[in-house]
Amino acid sequence: MRKIVFSLFFAISLNCSAEVLGIEEIIAYSGTIANSNVFLTLSYQDDQVAGNYFYEKYKAPIALHGNTSGTSLLLIEETMSGDAYIDLENKGGVISGEWALGRKRYKVQAKALSRSYKDLIGEIKVVAQGGADKNLVISFAGGKRQNIRFSTLESSVLIIFEDFTFDGYPDLRILELEAGGNSSFIYFDYDVEAGQYVESSAELRALVSPRVIHSENVIISVSKDGCCVYQVKKIMPSETHLARYDFDSNAGSLSIISRAGKDRSRKPITEKQFKDGYLNYMSHGVQPD
């Protein structure tokens with residue numbers, strides 16, 4: 001059984017040892033390239049950046065990769081005509097600069113939809129407590145410190161900061177186990193009033209291999225059972241969809257649950273409906289029927 005302990009941090013035993021820690025931060029931006037509205041989602045790990053953007057008119061994601069140094073951000077878009085370079089400056093959550101390919105030059109400006117964890121946290125580290133038990137030690141910029149005890153079956157610790165409650169603040173999740181194509185996490189929301197992290201709701205804690213669609217305020221959770229059975233939970237502002245499809249027997253079903261918790265409907269769905277509306281939702285610019 002998963003055990004999580006929250007406390008104010010005062011001291012760590014000298015018998016504890018520091019763990020290898022990987023941090024990923026995912027931030028969404030809304031803005032423009034030239035006069036066209038665009039939406040970007042970027043993942044930062046150390047000085048490497050990856051992600052995508054799409055024009056709101058078309059909804060087709062365009063892959064990006066690059067690097068960051070200080071406030072400088074360089075992104076590369078591979079096109080049929082060669083590589084386009086997006087040279088940006090990041091100041092206070094606003095990225096601005098130029099998209100360039102050959103003689104083509106377009107102004108770029110976009111604003112982050114959430115704050116960076118670096119705005120809130122001065123230092124973060126993980127300390128082993130023996131076996132799978134570990135302590136996440138967070139020193140906030142305002143001086144408060146928090147200690148979160150957790151367990152993970154992974155050999156190293158991966159923490160992902162991302163606003164999955166859509167309130168403009170970085171929530172966090174810790175990779176618990178990755179096996180068989182399923183990634184399970186331990187989830188924490190940032191509580192603005194308390195100025196620290198709290199355990200997420202039961203609905204969020206049940207998510208597997210989550211993907212946050214910031215442009216839609218939607219969370220997609222995908223789990224795989226064996227070779228052929230997929231289940232997708234799609235959490236939307238007003239309702240939650242539970243879609244399941246068995247590619248071996250070519251049979252699928254969809255349950256729609258209101259945010260009040262009442263099952264409103266259940267019906268069969270086709271393979272195309274499952275792929276377009278759930279499994280590949282917003283991955284290739286395809287909107288559900």
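This is a predicted model: local features need pLDDT of at least 70, side-chain atom pairs count only at pLDDT 80 or more; totals for chains, interfaces and linings use all residues.
A strand here is a DSSP run of at least two residues, numbered from the N terminus.

**Whole chain**

Start with the protein chain in cartoon view. Its secondary structure comes to three helices and 23 strands. Now colour by burial. Of the 289 residues, 42% count as buried. The accessible area is about 15,200 Å². Carbon and sulfur atoms account for 48% of that area.

**Stop one: the disulfide**

Select Cys227 and Cys228. How many disulfides does the structure have? The count comes to one. The disulfide joins Cys227 to Cys228, with an S to S distance of 2.3 Å. Check the torsion about the S-S bond. The value is about -80°, so this disulfide is left-handed.

Now colour the pair by accessibility. Is Cys227 buried or exposed? Cys227 has 62% relative accessibility, so this residue counts as exposed, because the exposed class begins over 50%. Cys228 has 17% relative accessibility and counts as buried. The cut-off for buried is under 20%.

**Stop two: Thr240**

Move to Thr240. Which strand holds Thr240? Look in strand E21, residues 239–246. Thr240 is buried, with a relative accessible area of 7%.

A polar contact of 3.1 Å joins the side chains of Thr240 and Glu203.

**Stop three: the cavity**

Finish with empty space. Rolling a probe the size of a water molecule over the atoms shows where such space is left. How many cavities of 30 Å³ or more does the structure hold? There is one. The largest cavity has a volume of about 30 Å³.

To find the largest cavity, select the residues that line it. Which residues are they? Pick Ile33, Leu40, Tyr53, Leu64, Ile86, Leu88 and Val108.

Key. Residues are numbered from 1 along each chain as its sequence is written. Side-chain values use heavy atoms; hydrogens and water are left out. Helices (H or I, at least four residues) and strands (E, at least two) are DSSP runs, numbered from the N terminus. Buried means under 20% relative accessible area, exposed over 50%, partly exposed in between (1.4 Å probe, protein chains only). Accessible areas come from the Shrake-Rupley method with a 1.4 Å probe; for residues, only the protein chains shown count as cover. A disulfide is a pair of cysteine sulfur atoms within 2.5 Å. A polar contact is a pair of N or O atoms within 3.5 Å; within protein, one must be able to donate a hydrogen and the other to accept it, and residues adjacent in sequence count only if both atoms are side-chain atoms. On a 1 Å grid over the protein atoms alone, a cavity is a set of points where a 1.4 Å probe fits but cannot get out, and a pocket is an open set with protein on both sides within 12 Å along at least five of seven lines; lining residues have an atom within 4 Å of a point. Grid points are joined across faces, edges and corners, and a volume is the space filled by probe spheres set on the points.
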